[in-house]
Amino acid sequence: MAEEKTSYPAKAMAEIREGLSDALDLVRRRGPSQIQFWFIALLIGIASGFAALGFRKGIDLLQGMLYGTPDLRHLHTFASDLPWYWVLFLPVFGGLVVGIVLNWFTPDGRVRSVADVIEGAALNQGRVEKRAGLASAFASLITLSTGGSSGREGPVVHLAGVISTWVSNRLHADGITGRDLLGCAVAAAVSASFNAPIAGALFALEVVLRHFAVHAFAPIVIASAAGTVINRLEFGGVTEFTLAAEGALSFYVELPAFLILGLLSGLVAVLMMRSIFMADDFGSWVQEKLHLPPVLRPAFAGLLLGLMAIQFPHIIGVGYETTSAALTGHLLLWQAVVYTVIKVIAVSITMAGRMGGGVFSPALMVGALTGLSFGLVATAIFPTVSGTATLYALAGMGAVAAAVLGAPISTTLIVFELTGDWQTGLAVMVAVSLSTALASRLVDRSFFLTLLERRGVHLAAGPQAYLLATVRVHQCYRAPDAPRAAPEAACRELIAQGIYLSPNATLERAMPLFEKNNLIFIPVVTLREETGPELHGALFHVDALRVFSRKLAETAAEEHS
């Protein structure tokens with residue numbers, strides 16, 4: 001009898017495990033139903049929310065320990081009273097740790113961020129790198145805790161992508177399901193990071209998936225809500241920033257000023273993005289000339305940041321104290337201008353040093369400072385028809401961030417949810433629309449898409465450009481024994497002319513060859529030193545076009561379903 005009582009719980013647990021295993025096998029074979037998918041989205045939202053919360057709490061814990069401050073909301077003020085050598089060498093130590101971690105656990109020593117998540121959604125069936133992603137999250141945590149000047153949204157978004165990738169692999173999810181799960185994870189991570197459920201959902205759709213398909217909307221909203229709940233269980237329903245007072249806007253008279261602010265913010269955003277790219281190129285040049293080991297590059301950047309932080313501690317971390325000061329008007333004009341320039345330089349050094357972190361929080365800070373500077377001038381020139389300078393700071397914050405992210409809709413909503421001020425929507429929307437329109441003409445639509453373009457990943461032009469890179473030649477070539485195969489003699493002649501493709505080449509490589517040489521087919525070969533070229537068959541132009549057309553149709557169906 002006693003044996004039956006002790007074995008019953010174990011037997012029940014075994015039956016539960018068996019039932020869950022059977023359910024998982026069923027989902028793998030048939031794919032998740034709509035209800036099952038919503039439940040999976042909820043679980044991913046909870047997991048991603050806790051990951052974002054853990055990342056944020058980890059930064060708070062380490063910053064509190066290393067800088068010895070009891071209140072991280074006043075970190076910059078406290079850091080100004082620390083010994084200079086501590087402010088100087090702490091980023092160097094952080095850079096050393098980051099360099100070791102990235103060079104051990106990533107193949108290229110590069111931090112993964114939002115751009116890699118966008119690439120995974122477009123080209124890798126909604127998957128991201130897991131090992132490199134975990135290493136990047138840890139490296140970014142160290143960077144933000146030891147004086148790096150960047151944001152936390154980039155590593156958090158990629159960390160959430162690692163979670164969704166693990167789930168997608170377990171479910172053997174196809175491309176559409178994998179992308180939807182990735183969108184759920186990203187939405188939850190953004191919502192949990194900023195207590196912004198609406199913006200989190202729209203960020204996943206607008207920036208990562210880059211479409212607003214109805215089938216993805218419900219699960220992404222569910223995941224975003226779950227991430228927000230995780231945030232509010234810890235921090236309550238408070239907003240990240242508290243404004244001094246409601247802004248007053250004389251709509252018809254003052255709107256032209258916000259139009260000008262939008263254009264100025266677009267230029268500032270472009271300057272910020274190009275500064276980061278130029279600094280990265282310069283850092284690579286210096287590293288090559290000095291024969292600097294890649295592992296020391298973040299430490300060298302940390303040294304430069306430490307030197308700057310001695311005089312300008314405002315560059316440390318995400319910069320929420322300075323952003324709050326701008327939004328509440330507690331800065332003078334010269335301070336706002338100088339801090340803007342210094343922050344752009346600090347962010348560029350951090351990114352060029354491959355230290356990690358994101359660009360969204362720095363863009364918020366730069367935007368708030370830009371808006372405040374403009375507002376102080378505008379209200380001084382036209383005091384009788386102007387609102388408060390802080391209203392311009394709020395609009396500038398949204399305008400610069402939207403131009404950097406290339407996401408006017410979600411950024412506008414994030415600004416509202418971060419501040420809780422919904423009364424000044426028209427001013428923010430006007431500035432955001434013009435800044436985004438201007439910046440998108442001067443870069444490849446956004447910071448992330450420009451970053452991918454620099455790596456040779458062409459997503460900015462749309463599916464008609466990047467879908468060619470998703471199809472390998474071995475998926476659509478004709479073997480020599482296939483019906484209507486290419487004549488071997490003609491293939492050998494083209495090979496002798498140096499015109500051929502490898503089986504692992506993509507249609508992105510093949511299509512220009514067809515156009516340049518006006519060919520009907522191109523030989524597919526593997527080059528072997530011992531025996532020479534091994535002919536596998538030929539890729540026909542008509543077959544490549546047929547596959548490309550099918551991919552375009554599938555993408556259109558997904559985006560409009």
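Author: The count comes to 2 cavities of 30 Å³ or more, where a cavity is a set of points, on a 1 Å grid over the protein atoms alone, at which a 1.4 Å probe fits but cannot get out. This is a predicted model, in which local features need pLDDT of at least 70 and side-chain atom pairs count only at pLDDT 80 or more, whereas totals for chains, interfaces and linings use all residues. Residues are numbered from 1 along each chain as its sequence is written, and side-chain values use heavy atoms, with hydrogens and water left out.

The second largest cavity holds about 40 Å³ of space, a volume being the space filled by probe spheres set on the grid points, which are joined across faces, edges and corners. Its lining, meaning residues with an atom within 4 Å of a point, consists of Glu 153, Val 157, Val 190, Phe 194, Phe 203, Phe 360, Leu 405 and Ile 414. Helix H7 (153-171) and helix H8 are the elements that give two or more residues to this lining; helices (H or I, at least four residues) and strands (E, at least two) are DSSP runs numbered from the N terminus. By class, the lining divides into 7 nonpolar residues, no polar ones and 1 charged, with Ala, Val, Leu, Ile, Met, Phe, Trp, Tyr, Cys and Pro counted as nonpolar, Asp, Glu, Lys and Arg as charged, and the others, Gly among them, as polar.

In the loop between helix H8 (175-194) and helix H9 (197-209) lies Asn 195, which has a positive phi of about 55° although it is not a glycine. Most residues other than glycine have a negative phi. Asn 195 counts as buried because its relative accessible area is 6% (buried means under 20%, exposed over 50%, and partly exposed in between, with a 1.4 Å probe and protein chains only). Asn 518, also not a glycine, has a positive phi of about 55° and sits in the loop between helix H22 (507-517) and strand S1 (521-528), but Asn 518 is exposed, with a relative accessible area of 70%.

Methods: 1 Å grid on protein atoms, 1.4 Å probe; cavity = no way out; pocket = protein on both sides within 12 Å on 5 of 7 lines; lining within 4 Å.
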